[in-house]
Amino acid sequence: MEQQHAHGHNPHEDIHLPDPSPWPLVAALATLVVGAALVWWSNDRSNDMAAITIGAAAFATLFAVGGWAWEDSRMRRRAAQHPEGAAPTRYTQVITFLIPEGQLDAARAKDGVLAAIDDADNALRNLRGFQDLRITVSPAATGPSQVLVETTWTDREGLASYEETRKTILDLLAQHEEQVVPGSVQVFDMEVVRDTKDVAFRFSLGAAATIVSAFIVGGFMIGAGLTLFGSEGTAAGGGEGTPPPSGFEETGIIPARNIRFLVTEIRLPPNTEVTLTFDNRDPSPPHNIQFHDGDASAPLLRGCKDGCQTANGQPTDEVSTAIATGPVQQKFTFVTPGPGRYTFVCVVHPVDMVGTMIVEEGAPVPPGAQPAGASTAQGTSTESGTSGTGS
Ligand SMILES: [Cu+2]
């Protein structure tokens with residue numbers, strides 16, 4: 001920024017300030033959505049909507065960055081088209097004077113010159129184009145004290161019409177001449193100009209700061225998503241050198257988090273011994289999983305071979321686990337009933353935590369759900385497979 005005298009420039013020249021740009025905000029929001037969708041997707045990779053959201057948000061990010069770059073280059077071009085580089089933005093009148101030694105307290109008193117200038121602020125606010133009045137006093141221990149009064153105007157007409165009134169700072173000084181050192185009054189009319197290159201440079205700095213923070217936030221979100229990937233892989237028992245499986249179709253795991261089953265529909269073949277895992281990831285509240293022989297009002301499904309407990313922890317042949325506080329994994333082996341739809345719930349949260357087991361011919365047994373002794377996934381029928389009710 002530089003200051004110069006008022007008569008060098010045409011006051012009606014355009015003002016080159018950057019328009020407020022929506023692109024940095026759009027880019028930052030889109031990056032956030034990408035991160036959130038990644039976390040979502042990592043929780044439930046079978047969810048097509050999550051994948052679609054990632055794609056859409058990534059596209060929006062690219063679009064916003066593109067629009068941003070285009071706008072930035074347009075801004076630079078506009079700055080380059082004005083090689084003289086300067087446009088007036090406001091007008092300032094600075095008046096300095098000295099208060100004689102010993103008069104400073106009187107000048108500050110209610111009817112003193114400084115108080116009068118302060119009061120003038122209210123009258124000036126009603127004038128067209130008035131922006132600001134600033135008084136700077138530099139008290140001196142000995143000798144006169146320097147005072148600087150600065151009034152700022154949006155255009156030269158405002159300053160000119162103010163000078164035609166009889167309430168200028170100079171008039172106030174004349175009314176308090178005993179508090180002003182004779183001959184010490186100086187007046188400067190200034191046009192404050194702003195360099196467009198300077199503005200463009202500062203715009204670039206702001207853009208760079210925004211994109212860096214967007215990357216930090218986005219990177220954090222992606223990192224959080226990858227961490228979830230990692231923990232899910234561990235939970236699924238991966239680590240044999242192959243990519244860790246994740247969905248129920250591969251693992252036989254029914255995860256729960258935030259008082260929701262993350263898998264709400266499973267398909268299994270009838271009359272087959274399977275080992276499922278209820279992966280309760282909630283540190284609180286406690287959950288269990290239990291399968292009903294029909295809808296949730298039907299009695300519990302029977303046919304459990306191993307690992308089942310009633311809700312309050314007693315051994316049982318009902319397909320159920322004990323209510324437990326997570327994170328905990330509960331493994332249980334049972335023989336699937338005949339074809340039909342069966343409901344599984346958490347007995348603590350039967351409204352929020354509910355899912356459906358569809359038993360149908362030809363449904364695959366998840367590799368991770370094959371019991372230790374099973375050699376083939378399908379057709380392992382047993383005599384005690386069905387409970388005889390509900391289906
Ligand atoms: Cu629950």
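## The copper site

In this predicted model, the copper ion is held by His-287 (ND1), Cys-346 (SG) and His-349 (ND1), at 2.0 to 2.1 Å. Donors here are N, O and S atoms within 2.8 Å of the metal (3.2 Å for Na, K and Ca), and since water is not among the atoms, sites may look incomplete. Read along the chain, the spacing of the copper donors is H-x58-C-x2-H.

## Ground rules

It's a predicted model, so local features need pLDDT of at least 70 and side-chain atom pairs count only at pLDDT 80 or more, while totals for chains, interfaces and linings use all residues. Residues are numbered from 1 along each chain as its sequence is written, and side-chain values use heavy atoms, with hydrogens and water left out.

Two cis peptide bonds are worth a look. Ser-284 and Pro-285 are joined by one, with omega about -5°, and Pro-285 sits in the loop between β9 (273–280) and β10 (290–292). Gly-326 and Pro-327 are joined by another, omega again about -5°; Pro-327 belongs to the loop between β11 (304–306) and β12 (328–335). Strands are DSSP runs (E, at least two residues), as are helices (H or I, at least four), numbered from the N terminus.

Then there are the positive phi values. Asn-258 isn't a glycine, yet its phi is about 55°. You'll find Asn-258 in the loop between β6 (253–257) and β7 (260–261), and at 58% relative accessibility it counts as exposed. Asn-271, also not a glycine, has a positive phi near 55°; its loop runs between β8 (265–268) and β9. With a relative accessible area of 25%, Asn-271 is partly exposed.

## Aromatic rings

Rings of Phe, Tyr and Trp (its six-membered ring) pair if their centres lie within 6.5 Å; planes under 30 degrees apart count as stacked, over 60 as edge-to-face and the rest as tilted. By this rule there are seven aromatic pairs. One of them is Phe-261 with Phe-344, edge-to-face at 5.1 Å centre to centre and 70° between the planes. This pair links distant parts of the chain, 83 residues apart: Phe-261 in strand β7 and Phe-344 in strand β13 (residues 340–345). Phe-261 is buried at 5% relative accessible area, and Phe-344 is buried at 0%.

Phe-332 and Phe-334 make a stacked pair, 6.0 Å centre to centre with 20° between the planes, and both are buried. A single aromatic cluster takes in Phe-261, Phe-278, Phe-291, Phe-332, Phe-334 and Phe-344.

## Salt bridges

The structure has seven salt bridges, each a side-chain nitrogen of Lys or Arg within 4 Å of a carboxyl oxygen of Asp or Glu. Asp-279 and Arg-281 form one at 3.0 Å, N to O; Asp-279 is buried at 5% relative accessible area, and Arg-281 is buried at 18%. Glu-318 and Arg-302 meet at 3.6 Å, N to O. Glu-318 is in the loop between β11 and β12 and Arg-302 in the loop between β10 and β11, so this pair ties together parts that are 16 residues apart in sequence.

Glu-265 bridges to Arg-267, with the closest N and O atoms 3.1 Å apart. Glu-265 is partly exposed at 42% relative accessibility, as is Arg-267 at 39%. Together with Glu-360, Glu-265 and Arg-267 are linked in a network of salt bridges.

Terms used:
Buried means under 20% relative accessible area, exposed over 50%, partly exposed in between (1.4 Å probe, protein chains only).
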